[in-house]
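The sequence and the coordinates are shown first.

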Amino acid sequence: MNTSADVSSEPEDLEHQADVARAQVDETLDELAGRVSLKQRAREAAAAVSSAASRASSRASPEITSLIRLDHSHVLSAFRRYRSRSSPARKRAIATHVCLALQIHAQLEEEIFYRALFEAGVSTEVLDKSVNDHEEMRSLIDVLRATAAEDPGHDETFARLIRAVIHHVAEEETVLLPLAEAKLQHRLRELGWKMIVRRVELLKPHAGEVASTAVLTFPVATAVAAVGACAGVWLVLRRLVTPDR
Ligand SMILES: [Fe+2]
Ligand SMILES: [Fe+2]
């Protein structure tokens, strides 16, 4: 993953770089999403998660690969909202939203998805370097969080994060997810359920932050679709906390 490209801090250059990054996001989304729209991914996942929650059963859970694709779509669509000319408050909200989503996603993959692939004997260079990709992403997140949104370095680091994530997501969606669907086909729902339950645990301390930054990141219609799966997760949480409801 190359995140060390030279990046100018001139406003015109930053704007140009942001446009280039957005074009890459658009291109990648088109390639990754194929015939399935982002809203459709979110709707399908939300319906599946709600169904799983109502039955509290891993048999009804969405497959882990579908949940990972949904997470990718969510982050890439948040990337599209960032503009270097936006207000510092909006930039900060988008960055906060993206950083938390990436952090939780990476932890879920490492604890559940990558571990299952290793246990299944999957051996590929992409899997071997995935944790390093995550570490590089975490370093950029640390820099971003320590940089004021008014600082030109914020745009620069955000652009580097976009490039790093696009590269990593493309490798996961073209190599790891198809491999998982071939090698773990009988475990995909069980692993999906584990991911849902663990996500609830990880999101719990950040519920307010997620809600407030989502509102500032997405327009209403997109936010409704994007957070659809969260409603399902909330149903799971309620069921876990109050099992007789
Ligand atoms: Fe990953
Ligand atoms: Fe991923």
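The model is predicted, so local features need pLDDT of at least 70 and side-chain atom pairs count only at pLDDT 80 or more, while totals for chains, interfaces and linings use all residues. Residues are numbered from 1 along each chain as its sequence is written, and chains are lettered from A and ligands numbered from 1 in the order in which they are written.

**Overall organisation**

The chain holds 10 helices and 0 strands; helices (H or I, at least four residues) and strands (E, at least two) are DSSP runs, numbered from the N terminus. Its pattern along the sequence is α-α-α-α-α-α-α-α-α-α. Of its 245 residues, 41% count as buried. A residue is buried if 20 or more other C-beta atoms lie within 10 Å of its own, exposed if 12 or fewer, and partly exposed in between, with C-beta atoms placed from the backbone. Two residues are in contact if their C-beta atoms, placed from the backbone, lie within 7 Å. Among contacts between residues at least 6 apart in sequence, 81% join residues at least 24 apart.

**Helix packing**

| Pair | Angle | Axis separation |
|---|---|---|
| H4 (residues 88–119) and H7 (residues 188–203) | about 150 degrees | 10 Å |
| H3 and H6 | about 165 degrees | 11 Å |

Axes are lines fitted to C-alpha atoms, for helices over the stretch in contact, and angles run from 0 to 180 degrees between N-to-C directions. The angle between H4 and H7 makes H4 roughly antiparallel to H7. Angles under 35 degrees count as roughly parallel, over 145 as roughly antiparallel, 65 to 115 as roughly perpendicular and the rest as oblique. H4 crosses H7 in a right-handed sense. A crossing is left-handed if the near helix is turned anticlockwise from the far one by less than a right angle, and right-handed if clockwise. On the H4 side the contact includes Ile104, Leu108 and Phe113, and on the H7 side it includes Leu191, Met195 and Arg198. By class, this contact has 9 nonpolar, 1 polar and 4 charged residues. Ala, Val, Leu, Ile, Met, Phe, Trp, Tyr, Cys and Pro count as nonpolar, Asp, Glu, Lys and Arg as charged, and the others, Gly among them, as polar.

H3 is likewise roughly antiparallel to H6, but the crossing of H3 and H6 is left-handed. Residues of H3 including Ile68, Val75 and Phe79 meet residues of H6 including Ile162, Val165 and Ala180. The contact of H3 with H6 comprises 9 nonpolar, 2 polar and 3 charged residues.

**Nonpolar cores**

A nonpolar core is a set of buried Ala, Val, Leu, Ile, Met, Phe, Trp, Tyr and Cys residues joined through C-beta atoms within 7 Å. The largest has 24 residues, and those with the most contacts inside it are Val75, Val98, Leu102, Leu161 and Val165. Helices H3 (64–79), H4, H5 (125–145) and H6 (152–183) each give two or more residues to this core. A second, separate core of 17 residues includes Ile64, Ala180, Trp193 and Met195.

**Individual residues**

Valine 98 lies in H4 and is buried because 25 other C-beta atoms are within 10 Å. Beyond its neighbours within four places in sequence, valine 98 is in contact with Val75, Ala78 and Phe79. The C-alpha atoms of valine 98 and phenylalanine 79 are 7.6 Å apart, although 19 residues separate them along the chain. Leucine 102 touches Val75, Met137, Ile141 and Val165, with residues up to four places away in sequence not counted.

Arginine 81 belongs to the loop between H3 and H4. It counts as partly exposed because it has 19 C-beta neighbours inside 10 Å.
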